[in-house]
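Subject: Structure for you to look at

Hello,

Here is the structure I said I would pass on. Please open it next to this message, and then read the notes below it.

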Amino acid sequence: MEKPHSPEPITIYANPPSHHHQEMFAGGEMEYYSWFDEASIQDMNYFVKTITSIKSKGIRPDVIGSIIAHYGSKWLPDLSGNASATTATPPPPPPPTESVTASVNKKRFFVETLTEILPPEKDSVPCNFLLRLLRTAKMVGTNQNYLTELENRVSWQLDQASLKELMIPSFSHTCGTLLDVELVTRLVKKFVGLDSEGVKTGAALVKLAKLVDSYLAEAAIDGGLTLLEFISLIKALPSHARTTEDGLYRAIDRYLKAHPQVMKQERKELCRLIDSRKLSPEAALHAAQNDRLPVRSIIRVLFTEQTKVSRHIDWSPSGSHYSEPGSGPQCLSKREMNVQQAEIKRLRDDVLRLQSECGAMHMQLERLMEKKSGGSRGLIFPVEETFQ
């Protein structure tokens, strides 16, 4: 990347670090902050020289990353994740003679310079700060080379991101969505690529899956989000990343509610992405009564739940009652036997109820197929609210 050039000396309106900040960001090693005098925190060029000098002293990269994040947040309130801190000590307004263009150019210079001096080591800078830096970079029209560098850095530690910082607005005039869904899709795909190479652990991928599903639920209500963009982000994660499908079901349900114009065939394609075997009983119950889902999807959920219930029932004709298999026969007390029998009876009743509902769904599906109408489906259970 080409070194950003400042057309004129840049003066920073910020206060020198307090004793509290020294301990918080330097982990008690306050000698690091002795390098930062009044000049180094008021002039960007001098600050860069100071950081370069610190790097040459062999200071840990994570300490340098914390210092850059701290002072960067002071210079640009957009980089601060603590709203109360920025409102408590707001920076002075720009000079009256400074135009909007000059202000944007100054911010762009700040962003590009901070990106230049970030430590190259992985995980040396907090992920949420990188996301805020990326957000500001896109807002001020930073050079594509810097955007690519920031995206690569963020994707490496995307599992550490928060939902709040991941919700970056779309600053493109050609994009029809409020959130930059295409950006998040790229970041997720890059992270998954690292996972497939064995660089990242399975736990990190599972954590990311929960974050992505939460993001999908927020993006789903955007009327400008196309089905293709929505499905693309869903498929960016491999199927094994989701240990539960509740979050994905909630996101798809919210999308269907916010986009009633989605065609029947498109609904089927979207709902096929849900693995009904990974739905919790609560989510499965909601899905079974959800008139926004295709009939076949509802039947698939019911059959899955029926299979789950059947596996929990002891169908042994002997009627003997023992503890866990392999632990040897241990007779249960009369009270325990009564409780177990009551539980078995309840589970059998559940199976009969699910079988009845499946039969009703089959009959309704046959009637719909006979009519061959793609219009209203008139299911038995109307649902107004999305799954929470």
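**What was found**

S214 is found in helix α10. The model is a predicted one, so please keep that in mind for everything that follows. With a relative accessibility of 31%, S214 counts as partly exposed, because that value falls between the 20% limit for buried and the 50% limit for exposed. Its C-alpha atom is 7.3 Å from that of L163, although S214 and L163 are 51 residues apart along the chain.

**The chain as a whole**

The protein chain has 16 helices and zero strands. It holds 388 residues, and 43% of them are buried. The accessible surface comes to about 20600 Å², and carbon and sulfur atoms account for 55% of that surface. Contacts between residues at least 6 apart in sequence were also sorted by separation: 75% of them join residues at least 24 apart.

In soluble globular proteins, nonpolar side chains tend to be buried together. In this chain the largest nonpolar core has 90 residues, and the members that touch the most others are L158, V188, F230, L237 and L270.

Leaving out residues up to four places away in sequence, L158 touches C127, L166, L187, V188, F191, L208 and L211. One of these, V188, is itself among the core members that touch the most others.

**Two pairs of helices**

Two packed helices are described by the angle between their axes and the distance between the axes.

Start with helix α5 (residues 100-117) and helix α6 (residues 127-139), which pack at an angle of about 140 degrees with their axes 9 Å apart. That angle makes α5 oblique to α6, because only angles over 145 degrees count as roughly antiparallel. On the α5 side the contact is made by V111, L114 and T115, and on the α6 side by L133, T136 and A137. The crossing of α5 past α6 is left-handed.

The second pair is helix α12 (residues 246-258) and helix α13 (residues 264-271). Their axes come within 11 Å and cross at roughly 165 degrees, which means that α12 is roughly antiparallel to α13. Here the contact involves I252, Y255 and L256 of α12 together with R267, L270 and C271 of α13. L270 is also one of the core members that touch the most others. The crossing of α12 and α13 is right-handed.

**Two single residues**

D123 lies in the loop between α5 and α6. Most residues other than glycine have a negative phi. What is the phi of D123? It is positive, about 60 degrees, although D123 is not a glycine. The relative accessibility of D123 is 39%, so D123 counts as partly exposed.

R296 is found in helix α15, residues 295-311. At 46% relative accessibility R296 counts as partly exposed. The C-alpha atoms of R296 and K268 are separated by 8.1 Å, while the two residues are 28 apart along the chain.

Regards

Terms used: Residues numbered from 1 in each chain as written. Predicted model: local features only at pLDDT ≥ 70, side-chain atom pairs only at ≥ 80, totals over all residues. Heavy atoms only, no water. Core = buried A, V, L, I, M, F, W, Y, C linked by side-chain atoms within 4.5 Å. Buried < 20%, exposed > 50% of the residue type's maximum accessible area, 1.4 Å probe, protein only. Contact = heavy atoms within 4.5 Å. Helix = DSSP H or I, 4+ residues; strand = E, 2+ residues; numbered from the N terminus. Areas by Shrake-Rupley, 256 points an atom, 1.4 Å probe, with all protein chains shown as cover. Axes fitted to C-alpha atoms, helices over the stretch in contact; angles between N-to-C directions. Parallel < 35°, antiparallel > 145°, perpendicular 65-115°, else oblique. Left-handed = near helix turned anticlockwise from the far one by under 90°.
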